[in-house]
Amino acid sequence: MPNDELIPIGTFARRSGLTSSALRFYADSGLLQPAEVDPVSGYRYYSTDQVARATALRQLRELAMPLAAVEAVLGSGVDEASRLLDEHVATVVGNAATVQQKAAVIKSALGNASGLPIVIVKGPVLADAVEQVLTAAAYEPGMLALTGLRIEAGPEAVTLTATDRYRLSTRTLAPAEPSSQTWAGTIHGDELRAAVAASRRSPLVRLEAVSNGIWLRVADRADRHCRLLPEEFPDYRLMLASLGEVTTRATVSKDLFLRALEEHSGERIGLHVTDHGVNVMSADDGHPDIPLPATATGQALRIWFELTTLYPAVSTAIGPDVLLDLRGHNQPVTIRSADRGDLTTLAMPVKSDHSA
């Protein structure tokens, strides 16, 4: 009979998260042999030392890793196991991309009938705009609308909008050709990013709406389909309409601004705006402020941001100079190009860690 240190297969299955039948399969495969088998009943027992290996085995199989690769990982050191995991993930991602491309070809064949023409825009302009605006998208479970990009098309303009609740980016494009249609929908962000990347070298892209999404159609290239997200997009127009009056305005070099943000340590960045310029402050009192030459008007103001909110808002601005419209230390700041207003980002401030 087995000694007290051994665990019956049922108990071991519960501890490892594997079923008893899976344990038998892995024993037959040579990946996880029982510590002892009762010679009379054939009942299997495992040691407590095998729980970690069984748990790792289960986790690797949950990644759809083949048995041979699982065996290699379990028998390797940390560095080699990490390399094998990265290699497997790359294979899975590559296979998924291939499947997605083949599905797009099939959907293209199914979707030969034209949908509702929305608008025609320039390919490289659309690609740049989608990349810029999607920096404000979020990736949170249960909030699919925040992963998408809102497209609103009318006869005179196409507006792209994304938000993660801390930033809101919107850009307006002029149609390459006049359109009589009005359409709005929230499109799957990752699919749209991949679709416009493929059409970046196309002079013109025609957007057509179908019941479950949009088609991007270009000459001499495969059409690309992007899914429509059914979740309701936040009412960003109401938020824009409720913004307070601008009390402070500053224009600063985009390159100098970004360099200052990169040089500061910590996750929280402060701006001290006066009529003498803009000081970039750190939440760390031991880090000196970085003064930036700027043209500023209005009230002096100190305001704080998370670096992950402020940096992308500045980096995606168009042109050499950035215009900041501020409304107070606890109100959203509008960040846009100093000479072009077609890309605008709102960034939410945070409360300072200490009295400024």
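Is Arg-249 buried, partly exposed or exposed, and what is its relative accessible area? Arg-249 is partly exposed, with a relative accessible area of 36%, where buried means under 20% relative accessible area, exposed over 50%, and partly exposed in between (1.4 Å probe, protein chains only). The model discussed here is predicted, with local features requiring pLDDT of at least 70 and side-chain atom pairs counted only at pLDDT 80 or more, while totals for chains, interfaces and linings use all residues. Residues are numbered from 1 along each chain as its sequence is written, and side-chain values use heavy atoms, with hydrogens and water left out.

The side chain of Arg-249 meets that of Asp-325 in a salt bridge, at 2.5 Å from N to O; the term denotes a side-chain nitrogen of Lys or Arg within 4 Å of a carboxyl oxygen of Asp or Glu. This pair links distant parts of the chain, with Asp-325 in strand 18 (residues 321–326) and Arg-249 in strand 12 (residues 248–253), 76 residues apart. Helices (H or I, at least four residues) and strands (E, at least two) are DSSP runs, numbered from the N terminus. Asp-325 is buried, at a relative accessible area of 3%.

Strand 12 also holds Ser-253, which counts as partly exposed at 21% relative accessibility. The C-alpha atoms of Ser-253 and Val-322 are separated by 6.1 Å, although the two residues are 69 residues apart along the chain. Not counting residues up to four places away in sequence, Ser-253 touches Pro-320 and Asp-321, contact being heavy atoms within 4.5 Å.

The search of the whole structure finds 16 salt bridges. Among them is the one between Arg-193 and Glu-131, whose closest N and O atoms are 3.6 Å apart. Here too distant parts of the chain are linked: Arg-193 belongs to helix 7 (residues 189–198) and Glu-131 to helix 6 (residues 123–133), 62 residues apart. Arg-193 is partly exposed, at 23%, and Glu-131 is partly exposed as well, at 32%. Arg-217 and Asp-223 form another salt bridge, at 2.6 Å from N to O. Arg-217 is buried, with a relative accessible area of 7%, and Asp-223 is buried, with 16%. These two residues belong to a network of salt bridges that links Arg-206, Glu-208, Arg-217 and Asp-223.

Turning to the helices, Val-70, Val-73 and Leu-74 are buried in helix 4 (residues 67–74). Seen down the axis of helix 4, the buried residues fall within an arc of 95°, so they line one face of the helix; the arc is that of the directions from the helix axis to the C-beta atoms.

Helix 9 (residues 254–263) and helix 10 (residues 307–315) pack at an angle of about 155°, with their axes 10 Å apart. Axes are lines fitted to C-alpha atoms, for helices over the stretch in contact, and angles run from 0 to 180 degrees between N-to-C directions. Helix 9 and helix 10 are therefore roughly antiparallel to each other, a label for angles over 145 degrees, with under 35 counting as roughly parallel, 65 to 115 as roughly perpendicular and the rest as oblique. Where the two helices meet, Lys-254, Phe-257, Leu-258, Leu-261 and Glu-262 in helix 9 are in contact with Leu-307, Leu-310, Tyr-311, Val-314 and Ser-315 in helix 10.
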